[in-house]
Amino acid sequence: MIFWELKKMLKSKTGLIAIALFVFLCGVIVFVKPVLETENFYRNDKYELVADRRPGEEIAQEKFNNKIAEIETMANLEGNDPFSLKIREMSQEKLKSIKSKAYKDVSFFKVFNHRAAHPLVSFIIVIISVLIFSNIYTDEIISGMDNIILSSKNKFKVLYSKLGLAIILPIVLYGSYLIIVFLVTLGQHGTPVNGGFEAFRIVDNGSLLNGTFTINSYLMLKVGVMMLVFTTIAVFASFFSFITTNSLASISGTLIFIVFGKVCTLMKFLPESLFSVFSKGNYVDIMFYPNQFVGMYFGQVNILGKSLDLIKLCNSVLIAILFVGIALCVLTFKMILNK
Amino acid sequence: MNILEIKNLTKIYGKKNANDNISVSLENGVYGLLGPNGAGKTTLMKQITTLTKPTKGKIIYNGKNINDLGNNYRDVLGYLPQEFGVYKNFSAKQFLQYVAALKGLSGQKAKEKIDKLLNLVGLYEVRNKAVGKFSGGMKRRVGIAQALLNDPKILVLDEPTAGLDPQERTRFRNLLSQISKDKIIILSTHIISDIESIAKETMMLKNGAMLMKGTHQDILSSMKGKVYSIKTDQENEVMEIQNRYKVINIQRGVHDVTLRVVSEKMIPYPNSEAVEPSFEDVYMFYFDLENIQEV
């Protein structure tokens, strides 16, 4: 039945809009590029953009040296509070894990990392997911097909196919985007080399990275987090589609779900630990500032007397939300659509 | 032989009894379901098609509760809902292929059945055309074809002939009569002539309860002596009769007016006579005029 769900989707106007958005995204992303390690731009006192004319290798080495110096500073941080202790420990580990103090060409990874979780990408993939999955069941109601589906022998196959698609399609969509970006970046910046070196070589705030990630493992974590976010949003969009009877209600429900965490950051009266989780783990900030979240360390929170790593706790909450979404959909199939 | 037994079926929505203690036993043949809007016809059909569960009571198919039968019951079920839409960008053939997949039909068997049904409903020539470009009647025929795909033993049709032209309606009635030999067909419609011409028995619902069930003869005989024809040439008398009785029809002739009236009591007009009742009279007697859409 998944084949039929896909076919219905591709033949609908929403499907065509989704394809158009995806093509637009892949076209635009070709021109999106971060400042490479071998480049340096700054504004002078007349606010004119000035490009550093030194050889790229020299600029890159200087930037790399600065990053190491920053980590060394962190490694010698004074203070015995848990945050300072953890930062010191992390920085010392990072220094130990440095394989070479010479700059290595990481241009491919720098660009790929930038493009893999660019806010525009997140925005468009979320729009596509919301458009498709907020209508995945309401379209059946509007077209009058819901009664035929629910009175058929394979009704649960249809419903589970819709849920399955909500889990798989964002992954396939984002995966396809990554493949295209990989190929485009390959053409523009050469082969991906030196992926086994330290992740802080391609990350601007690398001193806050929690652990000694290699570039490859950092990128895998980032892709994983983004897939988790997109899948969760798609699953909840489907859930709202299953429990509402029109697109407007369904899309509104999904949007409220997406911005709920961010809105909660305005509620200063919330308990500190909960507030911290909302501040770092809300979908809006993860989509628009993924570099501030993926693999980072932002201190500990106390929950039920236990001290937990904030970002790891947020990751666990995000995974739990996905499973809650799946469970809600299954319950809706059994309790509401089969009442 | 298929037997569908509805036992003490009650469906409550909030404080309203949409179906109120309905008990009826159905065997192979066409059953007409008649009642005004809000009488509980669609709710009854939704329970028969497992779209909603009864608040009280049960539905038994061949000795087993349909809730326990689950997919085995849905496997022998065909349903054409009142509000039947289609995927506009699918061709008629693709749409039926999709419904075949819903009903768990395999490739070759489904293909043969789809071609046969497209021929039967007269859509074979336009099978590859997008359903969105079909007329209302053509869409309804696609709906009829999808309901028949799995060769159902219980066929539930909610307003199947709405939007069909007289020729299509006749063809559809004939089709139902042909296939009703080994099926239970429940036909809900406001088009009384459809029920009159093909239903073996008619069930009449009012306010969620079963008002009457029987053959046409049973139902019509209960109306004997309650239908009158009154001839008058006085306009003020026409007005008076309309105010006092349920008038089914007013036929204006060259010099006089003939009114068809239903009444439990004898009509005290000089030019009145009792006439043979029709199904339309029965409907009018029990229900309100505004619910008759077409006769």
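## A salt bridge in chain A

A:Arg54 is partly exposed, with a relative accessible area of 27%, in this predicted model of two protein chains, A and B. Its partner in a salt bridge is A:Asp52, and the closest N and O atoms of the two lie 2.8 Å apart. A:Asp52, at a relative accessibility of 17%, counts as buried, because the cut-off for a buried residue is under 20% relative accessible area.

## Other charged pairs

Side chains of opposite charge can pair when their charged atoms come close. In the structure as a whole, a search over all chains finds 28 salt bridges. One of them joins the side chains of A:Glu37 and A:Lys67, with 3.4 Å from N to O. This pair links distant parts of the chain, since A:Glu37 sits in the loop between helix 2 (13–29) and strand 1 (41–43) of chain A, while A:Lys67 belongs to helix 3 (residues 56–75), 30 residues apart. Both A:Glu37 and A:Lys67 are buried.

In chain B, the side chains of B:Arg173 and B:Asp194 meet in a salt bridge, at 2.8 Å from N to O. Here too distant parts of the chain are linked, with B:Arg173 in helix 7 and B:Asp194 in helix 8 (residues 192–198) of chain B, 21 residues apart. B:Arg173 is buried, with a relative accessible area of 18%, and B:Asp194 is buried as well, with a value of 2%. Back in chain A, salt bridges that share partners join A:Glu5, A:Lys8, A:Glu140 and A:Lys162 into one network.

## The nonpolar cores

The largest nonpolar core has 114 residues, and those with the most contacts inside it are A:Phe133, A:Tyr174, A:Tyr177, B:Leu4 and B:Ile48. Helix 10 (residues 215–243) of chain A gives the most to this core, with 17 residues. Apart from this core lies another, of 63 residues, which includes A:Ile148, B:Ala92, B:Tyr98 and B:Leu118. If neighbours within four places in sequence are left aside, the contacts of A:Tyr174 include A:Ala116, A:Val121, A:Ile125, A:Met226 and A:Phe230.

## Buried places in each chain

B:Leu176 has its place in helix 7 (residues 166–179) of chain B, and this residue is buried, with a relative accessible area of 1%. Leaving aside neighbours within four places in sequence, B:Leu176 is in contact with B:Val30, B:Leu155, B:Leu157, B:Ile185, B:Leu187 and B:Ile198. The C-alpha atoms of B:Leu176 and B:Gly29 are separated by 9.3 Å, although the two residues are 147 residues apart along the chain.

In chain A, helix 12 (residues 272–281) has several buried residues, among them A:Phe275, A:Val277 and A:Phe278. Their cover includes helix 11 (247–264), helix 13 (283–288), strand 3 (300–303) and helix 14 (310–336) of chain A.

## Where the chains meet

At the interface, 23 residues of chain A are in contact with 29 residues of chain B. The two chains bury about 2400 Å² between them, 59% of it on carbon and sulfur atoms. Across this interface the rule finds 1 salt bridge, in which the side chains of B:Asp75 and A:Lys153 meet at 3.8 Å, N to O. There are also 8 residue pairs in polar contact across the interface.

On the side of chain A that touches chain B, helix 1 (2–11), helix 7 (138–143), helix 8 (146–150) and helix 9 (155–189) of chain A each supply at least two residues. Helix 1 of chain A gives the most to this side, with 5 residues. The residues of this side divide into 7 nonpolar, 8 polar and 8 charged.

Methods:
Residues numbered from 1 in each chain as written. Chains lettered and ligands numbered in written order. Predicted model: local features only at pLDDT ≥ 70, side-chain atom pairs only at ≥ 80, totals over all residues. Heavy atoms only, no water. Core = buried A, V, L, I, M, F, W, Y, C linked by side-chain atoms within 4.5 Å. Buried < 20%, exposed > 50% of the residue type's maximum accessible area, 1.4 Å probe, protein only. Helix = DSSP H or I, 4+ residues; strand = E, 2+ residues; numbered from the N terminus. Contact = heavy atoms within 4.5 Å. Buried area = accessible area lost by both parts, 1.4 Å probe. Salt bridge = Lys/Arg side-chain N within 4 Å of Asp/Glu carboxyl O. Polar contact = N/O pair within 3.5 Å; in protein donor to acceptor, adjacent residues only side chain to side chain. Nonpolar A, V, L, I, M, F, W, Y, C, P; charged D, E, K, R; others polar.
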